[in-house]
Amino acid sequence: MISVNGLRKSYGDFEAVRGIDLEVEPGEIFAFLGPNGAGKTTTVEILEGYRERSGGEVTVLGQDPGAADRAWRARVGIVLQECRMEPVLTVRETLELWAGYYPNPRPVDETLKLVGLAHKADDRAGHLSGGQQRRLDVGLALIGDPELLFLDEPTTGFDPAARRQFWDVIANLRDLGKTVFLTTHYMEEAQALADRVAVIAKGRIVAVGTPDDLGGRAEEEATVRFRLPADMPPAELPADVGAAAVEQNGQLVLRDGDVVRLLNSLTGWALERGVELDGLEVTRPTLEEVYLRLVGEEGRA
Ligand code: ATP
């Protein structure tokens, strides 16, 4: 769906995108992550055909977006950060109006259901909440029945419940076989939705992978955290656990060494001695931790 080779973009002397490669497969939800100023918008706008590149090859739906025609445009749906509807039209009228611009639009009622706005069909667009307006934005991007959708930070400013509801909308797009190129600053959004994630920092791709194995995350050791009863000093722990445990914010943390063996030793000891291990948890680095490390590394380079 998208193929990018050695893409570059300079603004005067400043190179914002420094030779990036990307491949996005049909039916994939592809998340594009990166800190402010990393080059995401620049890249996305080049893919959408709204910005000229300085170098490299870009193919989107088999065409160079820089030379794309109307037929190509109809195959691409774009959800921008700001809304763009007539406030006095109803939700249904808005979708009907936009449907008229496309050669093969989706049925309006079906689109209303898909974005969870069927119950708001006769309300004025200007009276929708922020989250509902974003749904209508997605509806407008979908009404032309595009194969590929660009979603730019679709849930910025949403409350947590609205964000989760919106994820259902995006998951519906996956069920329809649409390809989605998603820009987001929310790691849990990428974790929940994306098949693959690319991280860009200072104009370079620093990692590409599934959310679960990005940056070697799948191979990383687990971390064990627990608390001992207040009256029990760490010296009472089994020797191997005691030697490996590090105190952090009132908790004991096992991170280095054979964590599985240490956990076995710890829980065996606790059961035998009848010791409560408050707050015992085993975690792997979150996508956010991996992301911050990737972006930090690039920052130092
Ligand atoms: P954010 O997360 O803040 O939206 P971004 O990753 O989308 O950031 P871009 O908007 O692509 O970042 O900007 C990348 C760099 O290019 C920034 O340093 C920015 O200042 C610069 N830049 C972007 N557009 C222009 C422009 N039209 N003229 C000059 N410099 C620009």
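Biologist: What makes you say that the charged end of Arg163 sits over the ring of Tyr186?

Modeller: In this predicted model, the charged end of Arg163 is 3.7 Å from the centre of the Tyr186 ring, and a charge counts as sitting over a ring when CZ of Arg is within 6 Å of the ring centre and within 35 degrees of the ring normal. The charged end of Arg73 is likewise placed over the ring of Tyr50, 4.5 Å from its centre.

Biologist: How many aromatic pairs are there, and why is the pair of Phe32 and Phe181 called tilted?

Modeller: The count comes to four aromatic pairs. For Phe32 and Phe181 the ring centres are 5.4 Å apart and the planes stand at 55 degrees; pairing asks for centres within 6.5 Å, while under 30 degrees would be stacked and over 60 edge-to-face, so an angle between those limits is called tilted.

Biologist: Which parts of the chain does the pair of Phe32 and Phe181 link?

Modeller: The pair links distant parts, with Phe32 in strand β3 (residues 29-33) and Phe181 in strand β7 (residues 179-183), 149 residues apart. Both Phe32 and Phe181 are buried, a word that stands for under 20% relative accessible area.

Biologist: What makes Phe150 and Phe181 a tilted pair, and which strands does the pair tie together?

Modeller: Phe150 and Phe181 lie 5.6 Å centre to centre with 55 degrees between the planes, which again falls between the two angle limits and is therefore tilted. Phe150 lies in strand β6 (residues 148-152) and Phe181 in strand β7, so parts that are 31 residues apart in sequence are tied together. Phe150, like Phe181, is buried, and Phe30, Phe32, Phe150 and Phe181 form one aromatic cluster.

Terms used:
Residues are numbered from 1 along each chain as its sequence is written. This is a predicted model: local features need pLDDT of at least 70, side-chain atom pairs count only at pLDDT 80 or more; totals for chains, interfaces and linings use all residues. Side-chain values use heavy atoms; hydrogens and water are left out. Rings of Phe, Tyr and Trp (its six-membered ring) pair if their centres lie within 6.5 Å; planes under 30 degrees apart count as stacked, over 60 as edge-to-face and the rest as tilted. Helices (H or I, at least four residues) and strands (E, at least two) are DSSP runs, numbered from the N terminus. Buried means under 20% relative accessible area, exposed over 50%, partly exposed in between (1.4 Å probe, protein chains only).
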